[in-house]
There are 2 protein chains.
Amino acid sequence: MAVTGTRRAGSASPRTANLAAVLRALRTGPLSRTQLAARCGIAKSAVPGLLTELAERGLVRPAGVLPGNGRPSRLVELHGEDAYALALGIEADRLSALVTDLSGRVLAERTEAVDVAALGLPAGMDELARLAQAVLPGPPVGVAISVPGLVDSAAAVLRFAPALRWRDAEIAGLMAARLAVPAAAIAVDNDANLGALAESVAGTGTELFYLGGGTAVGGGFVSGGTILRGARGFAGEVGHIAVDPSGERCTCGRTGCLETKANLAAVLRAAAAPGDPLHDPSAGVEGRVALLKDRIRRGDQRTATAVHELGVALGIALSTVVDVLDPDVVVLGGYFAELGEWLVEPVRVELAARPLGQARVVASGLGLRAPLRGAAHLAAERLFANPTLAEEATV
Amino acid sequence: MAVTGTRRAGSASPRTANLAAVLRALRTGPLSRTQLAARCGIAKSAVPGLLTELAERGLVRPAGVLPGNGRPSRLVELHGEDAYALALGIEADRLSALVTDLSGRVLAERTEAVDVAALGLPAGMDELARLAQAVLPGPPVGVAISVPGLVDSAAAVLRFAPALRWRDAEIAGLMAARLAVPAAAIAVDNDANLGALAESVAGTGTELFYLGGGTAVGGGFVSGGTILRGARGFAGEVGHIAVDPSGERCTCGRTGCLETKANLAAVLRAAAAPGDPLHDPSAGVEGRVALLKDRIRRGDQRTATAVHELGVALGIALSTVVDVLDPDVVVLGGYFAELGEWLVEPVRVELAARPLGQARVVASGLGLRAPLRGAAHLAAERLFANPTLAEEATV
């Protein structure tokens, strides 16, 4: 289930590969040098040097002695509690930071309401770096940043984020300068890819499609623990699947794309007349979705119909996705997760109407936090794949 | 680029894994025992036993001596010319068999016109086994069978083939009994998956989507050399993507599915009035497609329009596929390949109209033979992944 960024894949030296093998072997518990050599398929004479290097990086430590006949074996264990994985999230209306240790335990989390598009790229990255510094107990061993747009993950560049109006933003480089971390230690990925990864790690499914709703709609697919990125890193984009031949004109020039029905503003327009408090952006995504839920529970028919029609549109698009990818589970994420109570059923009905493979449909248990959780997992996993990624930062 | 069936994955013993590692290492040329130990990461003392076992299976042989200072090293090489990979193909109107050696060189190929659906499953498998025996120079080390339908490749069962009217057909078991080969040595896969694999091996692309046209329409996706199968083995099915809201009713109950526009019978109906020789099934797929091409070249406007509209329908469906999978190349296979001269351009135009990632569009250079070529590759690769698969057969 190890998942890593594609950047620098294959460029690791044999020594780095051995460091990584030792670090991964220790995830299951303390081991002796002899056990490590056997487990990792490396010469026993090479183990002490590798352990010294990992100890200098603060990643392993002594763990007592293995009792037995003859000479006792000294054990070594993972020292993960003081190694920090940093996850950062950029959304149109907020910035988030999450710190975990190497076991995935959350050490700190903070979110700030920020109009990121208004701030612009350099000031937005300044603000995000300030947030990161505020929650970090020490230098991070790995960083991953979730962004709402098309990412060239090999180059760690955000190609286009409509909600932020950012194009070709070198997110990793900008954050590296602000955090004094090497750019190689910073992964950048699409929010829906990371949401899919988080749900996969949580055990929701093995061939898992995640559909995230927000100011835009995005999808991500994880197959056997690995994010499917495609040739350019754009896989999983479902916003322009046609769901309503008689629908609205889309920004792409076609008619009735999922995007026109499923972005939050479109649903709010369907649910309430202009001037209604539902349209007040100062309430944020969560505030407005809470209001939607409240109105459905009070029996507001217009809101209930708008959300039901959203579910039908998602179901039509997802039935195509299910035909192409054959997932075992489809996860409704982002604000769709908050409305799961009313969306899961119409999606299920649409999928059941198809002749082929059907998938389970669930609302994300991680809700709006799924992408940030996925980013924390990615940051830690990249260290286990290459323990030298952040070396300048930890010196 | 090694691709193997999912069946029995992970169940190989350490000895089998070492046999496979040695066999794969020899693909690049002759090696000494010392070189093999280093290349495969196994103890030098274990190499002679592994080589003896591979030699007994007829897979390796001595290859002279490596000159040098001190004691000369004896070399060993792959003995692939007498190890036969058997590919079998089942289509509605024909059965095919292809034998290659382990380097992929074609040793024999034969195709028979057969009304497979009329024959039924047991007699169809009898006929296919007869064809296989007629072309095989000796017992095969691996077998792969291409079928036009939904395959549970883990169980090697054909779940549903509409064109054959076969359901839950245990293809591997039926063929194992007829060829006296263990069922474990027989892989069964969807024809479009195998077409995609063949094109990937041929170097057409690395994230490659293959769309095959025949009595039905099927797709397959190969990412980094591996077939994407999905949870049930049904990934790549695109026949029910909506391409024409005002189109025909589909067998699935919806309207305007790709299937209704792109199966060969539908295109022939659009191209010619009832009673026209184009509709004569005795001409086979190739004969009728040759007639279509001939008519377009002679300036028959109705045929040209029918084929152009097919291209537009393929382009609409493929633009959704491109959004979801982000391939670097889309390959038109099966009878679409034969019509590539008129189909590639309308597909390109549809893809270019989309806001996101675009892919190259090409007609399959392997044409109708792509699935059988993919099956031959799969049969050989499964041996390199597990040299003991066919052991009962080679004894």
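**Salt bridges and burial**

Modeller: This is a predicted model. In it, the side chains of Arg229(A) and Asp189(A) form a salt bridge, with N to O at 2.5 Å. The pair links distant parts of the chain, 40 residues apart: Arg229(A) is in the loop between β14 (226–227) and α8 (258–262) of chain A, and Asp189(A) is in strand β11 (residues 186–190) of chain A. Both Arg229(A) and Asp189(A) are buried.

Biologist: What makes the contact of Glu350(A) and Arg254(B) a salt bridge?

Modeller: N and O are 2.9 Å apart, and the rule asks for a side-chain nitrogen of Lys or Arg within 4 Å of a carboxyl oxygen of Asp or Glu, so the pair qualifies. The bridge crosses between chains, from helix α13 (residues 340–352) of chain A to the loop between β14 (226–227) and α8 (258–262) of chain B.

Biologist: Why is Glu350(A) called buried?

Modeller: Its relative accessible area is 16%, and buried means under 20%, so the label applies.

Biologist: Why does Arg254(B) count as partly exposed?

Modeller: Arg254(B) has 23% relative accessibility. That value falls between the cut-offs of 20% and 50%, so Arg254(B) is partly exposed.

Biologist: How do you know whether Arg298(B) is buried or exposed?

Modeller: Its relative accessible area is 68%, and exposed means over 50%, so Arg298(B) is exposed. Its salt-bridge partner Asp294(B), at 2.8 Å between the closest N and O atoms, is partly exposed at 32%.

Biologist: Which residues do shared partners join into one network?

Modeller: Glu91(A), Asp93(A), Arg94(A) and Glu286(A).

Notes:
Residues numbered from 1 in each chain as written. Chains lettered and ligands numbered in written order. Predicted model: local features only at pLDDT ≥ 70, side-chain atom pairs only at ≥ 80, totals over all residues. Heavy atoms only, no water. Helix = DSSP H or I, 4+ residues; strand = E, 2+ residues; numbered from the N terminus. Buried < 20%, exposed > 50% of the residue type's maximum accessible area, 1.4 Å probe, protein only.
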